[in-house]
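Thanks for coming. I will take a few minutes to walk through one structure, and you can follow along on the screen.

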Amino acid sequence: MGTRFVSAVAFYGPKAGPLRELLAGVQALIAEHVGGGFRPYSPEQVHATLIALNGVREGGAVVNEYLLAHAGVRREMDLPRVMDILARRFATPLRVRVGGFRPDQPAPFTSRGRHLSERSFSVQGQAFVLMGWPAGSLAGAGRPLDELRREMNAAGVLHRYHARPADVDDDLYLVVGHHDGAPATALARATAAVRDKLAAGPADLAIALTDVKIVAADSPTLAPPRYVSGIPAAEADVLALM
């Protein structure tokens, strides 16, 4: 597999309004409890991955890394179709909510079997991860992000977390930074503090087409970027990165 990371992401770049306030507040709480062990992402670097487009060269074609890894299928990615799907799906902004879930209250669904209050913020390995969900999903009106990711199969792209046909991933996740081996007690305090903050003050956001970018980098953190483009990104430019 290659080491170039290419993704369709939301919110990459400068932040403003409720999203910037959300990130600043969350990062401040983490720093308060973790101290110098916290390695925050810059506001511009924070992003929500919609679908990974990592490619592997097979002869003269570029096939999707996860389709090859999970299904053993060597199928050329249809990048123009990827762009068409993104343009159509985000022609109307997708409303999402981060926070607003208390552990003692019923949730409309679970995420990977866990209550939304628990999933809204967590430490995953060395990463601090914020998570939100489409407003439509919370209201019981489908699973817009999962449907977007599943539609990408028609373009020869398999979502990383759709390893099995029945897998569902309607999560919008944003990594806000990492730690370098902070004590478990400090991580637990930071996690509890951020979850309390999110439960008391959710952030309602919207992803418009102008918020969606194709970003390529040599690190999964997408920093520094080697390429950033709005939608549609030129097929030749994206293929040249792989």
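I will go through the strands, then the charged side chains, then some backbone details.

First, the ground rules. This is a predicted model, in which local features need pLDDT of at least 70, side-chain atom pairs count only at pLDDT 80 or more, and totals for chains, interfaces and linings use all residues. Residues are numbered from 1 along each chain as its sequence is written, and side-chain values use heavy atoms, with hydrogens and water left out.

Let me start with the strands. Helices (H or I, at least four residues) and strands (E, at least two) are DSSP runs, numbered from the N terminus. Two strands count as paired if DSSP finds at least two bridges between them.

Strand 4, residues 55-58, pairs with strand 5, residues 61-64, in the antiparallel sense over four bridges. Within that pair, Val-56 has Val-63 in strand 5 as its bridge partner. The two strands make a hairpin with two residues between them, and Gly-59 there takes a positive phi near 65 degrees.

A second hairpin comes from strand 7 and strand 8, again with two residues between the strands, and Gly-125 in its turn has a positive phi of about 65 degrees. Ser-122 has Val-129 in strand 8 as its bridge partner.

What does Val-129 pair with in strand 9? Its bridge partner there is Val-175. Strand 8 and strand 9 are antiparallel, with six bridges. Strand 9 also pairs with strand 2, antiparallel, through three bridges, and Phe-38 stands opposite His-179 of strand 9. So how covered is strand 9? Six of its eight residues are buried, where buried means under 20% relative accessible area, exposed means over 50%, and partly exposed is in between (1.4 Å probe, protein chains only).

Now the charges. A salt bridge here is a side-chain nitrogen of Lys or Arg within 4 Å of a carboxyl oxygen of Asp or Glu. The count by this rule is 13.

One of them joins Asp-218 and Arg-4, at 2.5 Å from N to O. Asp-218 is in the loop between strand 11 (212-217) and strand 12 (225-229), while Arg-4 is in the segment before strand 1 (5-10), so this pair ties together parts 214 residues apart in sequence. Asp-218 is partly exposed at 43% relative accessible area, and Arg-4 is partly exposed at 22%.

Another salt bridge is between Asp-180 and Arg-39, at 2.8 Å from N to O. Here too distant parts of the chain are linked: Asp-180 is in the loop between strand 9 (172-179) and helix 7 (184-200), Arg-39 is in strand 2 (residues 38-40), and they are 141 residues apart.

Arg-164 and Asp-167 form a salt bridge with their closest N and O atoms 3.1 Å apart. Are these two residues buried or exposed? Arg-164 is exposed at 59% relative accessibility, whereas Asp-167 is buried at 13%.

There is also a network of salt bridges linking Arg-88, Arg-89, Glu-147 and Glu-151. Arg-88 has a C-alpha 8.8 Å from that of Leu-209, although the two are 121 residues apart in sequence. Leu-209 is in the loop between strand 10 (203-207) and strand 11.

Last, the backbone. Most residues other than glycine have a negative phi, and most peptide bonds are trans. Which places depart from that here?

Phe-11 is not a glycine, yet has a positive phi of about 70 degrees. Phe-11 is in the loop between strand 1 and helix 1 (17-34) and counts as buried, at 8% relative accessibility. Leu-222, also not a glycine, has a positive phi of about 60 degrees. Leu-222 is in the loop between strand 11 and strand 12 and is buried, at 2%.

That loop between strand 11 and strand 12 also holds Pro-224, and the peptide bond from Ala-223 to Pro-224 is cis, with omega near -10 degrees. A further cis bond runs from Ile-231 to Pro-232, with omega near 5 degrees. Pro-232 is in the loop between strand 12 and helix 8 (235-240).

That is what I have; questions are welcome.
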